[in-house]
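Good morning, and thank you for making the time. I would like to walk you through one model, so please keep the structure open while I talk.

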Amino acid sequence: MTSASIKGNSCILADLLLFPINPQHLQDIIDSMGLILSHSSLLLAFVVTFVVTIQIFLCRRRHRSPFSSPKLPPGTVGWPLVGETLQFLSAGWKGHPESFVLNRMSKFSSECFKTSIIGVPTAFACGAAGNKFLFSNEGKLVSVWWPDSVKKLFPTTGDQIESAKRMRRLLPQFFKPEALQGYIGNMDDIAQRHFASHWDNHPQVTVFPLAKRYTFWVACQLFLSMEDPKHIELLVEPFEHISSGVIGIPVDLPGTQFNRAIKASKMVREKLGAITKQRKHDLAKNNVHPEARDILSHMLVSIDEDGQHMDELEIVDKIMGLLIGGHDTASSTITILVKFLAEYPQVYVLVYKEQMEIARSKAPGELLNWYDIQQMKYSWNVACEVLRLFPPLQVGFREAIHDLTYSSFQVPKGWKLCWSAHSTHYDPNCFSEPQKFDPTRFEGKGPAPYTYIPFGGGPRMCPGKEYARLEILVFMHNIVKRFRWEKLLPEEKITFNPLPSPVSGLPIRLTPHDKYHSNI
């Protein structure tokens, strides 16, 4: 706009403010003001469009630049900021998370491909060789890494390497087989009370929410010594929100999944904080029996190499993580297991016979023990096949400590690397007819090394693997010796958010054994 036009417009404004206005004069002023606004709107639109275009160009250029080296793995990187996160999550929401990995392996490379997940440059190391590379180079070429969503939900994560090492020092005495043997009776007792309250005398039930109640009850009792089911029940829903927000887009806006997870984490943190303070007080007063000390007590009394106790806030975050890992993955597997036992009656019969042989060997009121668990070989093969087809842990993240080379491709320092269970679990070279449900594939020597990884592998293998095995088998024993069942929704689909679960929670019709026992 020229100085002359500005001067003219200023005069019009002066006329408007200082002198009487006749109708014609007023109309002239309005027309002039409209002209000003018209030109200003066009100018503003032009400026905004120009700035946005430049920003998009620069953003895409910055987004593409880390991926532009010809020595990087082949692949696509998606949109700026989000990358291919939506495609990654969408594959799970549609019930086929393996498609994200398998399609890119087919299109780009069966060994390694690049993408961008949760806004970070990522290379997927595929197949048994990729799994071996990542698992055997922990702390050498790669280190543990968590997405921003985890860091925001668990703010004391801090130094991820040191935090992981600290937990590795604390957990073994609780999750080693010798210690777990003492948990089996408690698990069986909880399972019996759970079935008496929620399954017996119920012609129909929905499995997934009940499985979560069982596994969460077990975790709360063993990790925190929480006994009251009503108090435990209050924490179930908040933990569901936290679990759903762990892997996803960390956008904290009202109504989003992550916003609900943030709110739930704050509420749970307050409750666990109160429990932790009370336990600390009880320990100081020697009000906790030494033989009854759980993981919470152990965290409170343990000291590091510098003689320092773990901060209470960090303890609360660690307990939250253990409660999620200790019940969420097992409840998902239990639910899918019930689904398959309904769909494959011949498998159910073999599991039933195995479990009833154990049940008949027990005296009235006698709980399961370590020897009984060791006799559940076929039952565990069935569970392993469920874990192969529907692994609760879809991928595992690592971060490149240095520039590294894998399978002739270069991965820069700071890039994230992923292993995927689907890259081997659905590979016909690793498992014949990989889409087929076949528990017998785990007989004998079982799968080849680095091909079966539902619990990860290497130094970072899930420390609760054996704990999950006990929890799943105790549940199998208690449900199979009581009921047969059928699905009420035969075509119900499985979705992943992030764990696999039936979209309607798997409603089933129960038939107690006394109504058909003679037909078994």
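What we have here is a predicted model, and its secondary structure amounts to 20 helices and 12 strands. Of the 520 residues in the protein, 49% count as buried, while the accessible surface comes to about 25500 Å², with 58% of that belonging to carbon and sulfur atoms. If we take the contacts with a separation of 6 or more, 70% of them are accounted for by residues 24 or more positions apart.

Now to the sheet, which is open and is formed by 3 strands in the order S4-S12-S9, with antiparallel pairing. Strand S4, residues 204-206, and strand S9, residues 483-487, stand at the edges with a single partner strand each, and therefore each has one side left without a neighbour in the sheet. On average, and ignoring direction, neighbouring strands of this sheet are turned by 35 degrees against each other. Helix H15, residues 312-343, packs on the sheet, where it touches S9 and S12, and its direction makes about 90 degrees with that of S9. Between S4 and strand S12, residues 507-512, there are 3 bridges, and Gln 204 stands opposite Arg 509 in S12.

That leaves helix H11, residues 207-224, whose 18 residues should span 26 Å at 1.5 Å a residue, and the 25 Å between its end C-alpha atoms agrees with this. Because 16 of the 18 residues of H11 are buried, this helix is largely enclosed by the rest of the structure. Just after H11 comes Ser 225, which takes a positive phi of about 60 degrees.

Conventions
Residues numbered from 1 in each chain as written. Predicted model: local features only at pLDDT ≥ 70, side-chain atom pairs only at ≥ 80, totals over all residues. Heavy atoms only, no water. Pairing = 2+ DSSP bridges. Helix = DSSP H or I, 4+ residues; strand = E, 2+ residues; numbered from the N terminus. Axes fitted to C-alpha atoms, helices over the stretch in contact; angles between N-to-C directions. Contact = heavy atoms within 4.5 Å. Expected span 1.5 Å × (residues − 1). Buried < 20%, exposed > 50% of the residue type's maximum accessible area, 1.4 Å probe, protein only. Areas by Shrake-Rupley, 256 points an atom, 1.4 Å probe, with all protein chains shown as cover.
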